[in-house]
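Have a go at each task before reading its solution.

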Amino acid sequence: MIKPKKTPRDVNQLAAQIVALSTGQAEPEEELTPEQKFRKEFARSGGLVGGKARAASLSPRKRKEIAKKAAAARWKKKPNK
């Protein structure tokens with residue numbers, strides 16, 4: 001499977017990549033084969049259904065516990081650096 005190129009963290013490498021893309025010197029990304037496209041779409045469709053199926057299988061009490069934990073994590077104060 002072909003993975004897209006990640007954005008470099010180094011400022012100089014990022015600048016070089018931007019220049020290469022803007023001037024057309026960057027290598028074009030390879031196209032996916034029809035089989036790879038199908039597999040990618042199939043995996044995504046399963047991933048989209050997974051969360052809903054899990055939520056439907058949980059009891060209301062368990063969902064409430066999970067929601068409280070998530071809210072506490074969102075509102076948790078972060079230490080000052």
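Helices, as the word is used here, are DSSP runs of H or I with at least four residues, numbered from the N terminus. Please keep in mind that this is a predicted model.

**Exercise 1. Find out how many helices and strands there are in the protein, and in what order the elements run.**

Step 1. Counting gives three helices and zero strands.

Step 2. Starting at the N terminus, the order of the elements is α-α-α.

Step 3. Now look at cover: of the 81 residues in the protein, buried residues make up 2%. The protein exposes about 8,400 Å², with 59% of that supplied by carbon and sulfur atoms.

**Exercise 2. Describe the span, bend and cover of α2.**

Step 1. With 24 residues, α2 reaches 34 Å from its first C-alpha to its last, close to the 34 Å expected at 1.5 Å a residue.

Step 2. Follow the axis to Gly50, where α2 bends by about 30 degrees.

Step 3. Among the 24 residues of α2, the count of buried residues is zero, so this helix is hardly covered.

**Exercise 3. Locate the salt bridge of Arg39 and work out how its two partners are placed in the helix.**

Step 1. The partner is Glu35, and the two side chains meet at 2.6 Å, N to O.

Step 2. An α-helix has 3.6 residues a turn, so residues three or four places apart point the same way.

Step 3. Arg39 counts as exposed because its relative accessibility is 56%, and the threshold for exposed is over 50%.

**Exercise 4. Which residues are linked in a network of salt bridges, and which contacts build it?**

Step 1. Start with Glu65 and Arg61, whose side chains meet in a salt bridge of 3.7 Å, N to O. They are separated by about one helical turn because they lie four residues apart in helix α3 (residues 60-75).

Step 2. Put together, Arg61, Lys62 and Glu65 form a linked network.

Step 3. Check the cover: Arg61 is exposed at 65%, whereas Glu65 is partly exposed at 40% and Lys62 is partly exposed at 40%.

Step 4. As a tally, the structure holds three salt bridges.

**Exercise 5. Characterise the one aromatic pair in the structure.**

Step 1. The structure holds one such pair, formed by Phe38 and Phe42, with 6.1 Å centre to centre and 20 degrees between the planes.

Step 2. Phe38 and Phe42 are four residues apart in helix α2, which means about one helical turn separates them.

Step 3. Phe38 is exposed at 54% relative accessible area, and Phe42 is exposed at 60%.

**Exercise 6. Decide whether Pro8 is buried or exposed, and list its contacts.**

Step 1. Pro8 lies in the segment before α1 (11-23).

Step 2. Its relative accessible area is 19%, and buried means under 20%, so Pro8 is buried.

Step 3. Leaving aside neighbours within four places in sequence, Pro8 is in contact with Gln13, Leu14 and Gln17.

How values were computed:
Residues are numbered from 1 along each chain as its sequence is written. This is a predicted model: local features need pLDDT of at least 70, side-chain atom pairs count only at pLDDT 80 or more; totals for chains, interfaces and linings use all residues. Side-chain values use heavy atoms; hydrogens and water are left out. A salt bridge is a side-chain nitrogen of Lys or Arg within 4 Å of a carboxyl oxygen of Asp or Glu. Helices (H or I, at least four residues) and strands (E, at least two) are DSSP runs, numbered from the N terminus. Buried means under 20% relative accessible area, exposed over 50%, partly exposed in between (1.4 Å probe, protein chains only). Accessible areas come from the Shrake-Rupley method with a 1.4 Å probe; for residues, only the protein chains shown count as cover. The expected span of a helix is 1.5 Å times one less than its number of residues. The bend at a residue is the angle between axes fitted to the seven residues ending there and the seven starting there. Contact means heavy atoms within 4.5 Å. Rings of Phe, Tyr and Trp (its six-membered ring) pair if their centres lie within 6.5 Å; planes under 30 degrees apart count as stacked, over 60 as edge-to-face and the rest as tilted.
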